[in-house]
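My notes are below the structure.

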Amino acid sequence: KLIPSAASTPIKKLGDALDYHAEICGRGAMLEYLLIDGINDSDIEVDALADFCLKRSEKGRVFVNLIPYNPTLAGDDFGYQ
């Protein structure tokens, strides 16, 4: 919904790619997560993000950069705050 082009890459495939990266490089990865009030910042989304990262930590560290949403004209069209 937030990134229509990402629909072609299931979350499992993304996780597998991060695990592969950790195995090959011996390092984890940094994920950037844009927080949008009322859209993806509930306890459900936070728990899902934590679970996804904890599964990755078996292979390597995952760092999460939480980015607060900054209002834009484009976001205003969707009611994001």
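I worked on a predicted model, where local features need pLDDT of at least 70 and side-chain atom pairs count only at pLDDT 80 or more, while totals for chains, interfaces and linings use all residues. Numbering runs from 1 along each chain as its sequence is written, and side-chain values use heavy atoms, without hydrogens or water.

I found phenylalanine 52 in helix α2, residues 43-56 (helices are DSSP runs of H or I of at least four residues, strands runs of E of at least two, numbered from the N terminus). Phenylalanine 52 has a relative accessible area of 12%, so I noted it as buried (under 20%; exposed is over 50%, partly exposed in between, with a 1.4 Å probe and protein chains only). Its contacts, leaving out residues up to four places away in sequence, are Ile11, Leu14, Gly15, Leu18 and Leu31 (heavy atoms within 4.5 Å). Arginine 56 lies over the ring face of phenylalanine 52, 4.6 Å from the ring centre (CZ of Arg or NZ of Lys within 6 Å of the centre and within 35 degrees of the ring normal).

I placed asparagine 40 between β1 (29-35) and α2. Asparagine 40 is buried because its relative accessibility is 8%. A polar atom of its side chain lies 2.7 Å from the backbone nitrogen of isoleucine 36.

Which residues line the largest cavity? I listed Leu18, Asp19, Ala22, Gly28, Ala29, Arg56, Gly60, Arg61 and Val62 (on a 1 Å grid over the protein atoms alone, a cavity is a set of points where a 1.4 Å probe fits but cannot get out, and lining residues have an atom within 4 Å of a point).

Notes: A polar contact is a pair of N or O atoms within 3.5 Å; within protein, one must be able to donate a hydrogen and the other to accept it, and residues adjacent in sequence count only if both atoms are side-chain atoms. On a 1 Å grid over the protein atoms alone, a cavity is a set of points where a 1.4 Å probe fits but cannot get out, and a pocket is an open set with protein on both sides within 12 Å along at least five of seven lines; lining residues have an atom within 4 Å of a point.
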